[in-house]
Amino acid sequence: MMGTIVQQLTRGLTKDQIIEAGLDAYYVNHGLGVYPSAASGVPFSALALQSKGDPITDLYEDMAAEQKARSTYEYLIDLTEDPAVLAPLRFLREREIVHFQRFGEALDIARDHLNQQKVFEMGNTNNIKWR
């Protein structure tokens, strides 16, 4: 959705508007196409994804990512008064809040599951030789 917003805002820009907006270096590399990158210009890569293989750690990481995205949308909302931009930004911000809540619920479920006592039954033990 963010890519669509950027594409709509930059469609039809003149050369002078591109330069005035400070998009000339970006334009040289990507035209007006959407190239996922941080505000600093660092391109998105899988290095931004985190996974430890531990459900508790990974769910906390997911929750943190949702909060970071929420705050980014809030900063973007602070920078515009355009209703056509504000509406999707507000939707995306609310989506991050809901995702955060759902990950929190999943964290509770994972904790409950991991805290359960586990009993493993052995099948027929007649063939086992005990020393």
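This report looks at the salt bridges in the predicted model shown above.

Because the model is predicted, local features need pLDDT of at least 70 and side-chain atom pairs count only at pLDDT 80 or more, while totals for chains, interfaces and linings use all residues. Residues are numbered from 1 along each chain as its sequence is written, and side-chain values use heavy atoms, with hydrogens and water left out.

Side chains of opposite charge can pair when their charged atoms come close. The structure holds four salt bridges, a salt bridge being a side-chain nitrogen of Lys or Arg within 4 Å of a carboxyl oxygen of Asp or Glu. Among them are these:

| Salt bridge | N to O distance |
|---|---|
| R70 and E74 | 2.9 Å |
| R93 and E94 | 3.4 Å |
| R102 and E105 | 2.8 Å |

Let's start with helix 4, which covers residues 55–78; helices here are DSSP runs (H or I, at least four residues), numbered from the N terminus. R70 and E74 both lie in this helix, four residues apart, about one turn. With a relative accessibility of 27%, E74 is partly exposed, a term for values between buried (under 20% relative accessible area) and exposed (over 50%), using a 1.4 Å probe and protein chains only.

Next comes helix 5, residues 83–115. R102 and E105 both lie there, three residues apart, again about one turn of the helix. Both partners are partly exposed: R102 has 41% relative accessibility, and E105 has 40%.

Finally, E94, the partner of R93, is partly exposed as well, with a relative accessible area of 40%.

Methods:
Helix = DSSP H or I, 4+ residues; strand = E, 2+ residues; numbered from the N terminus.
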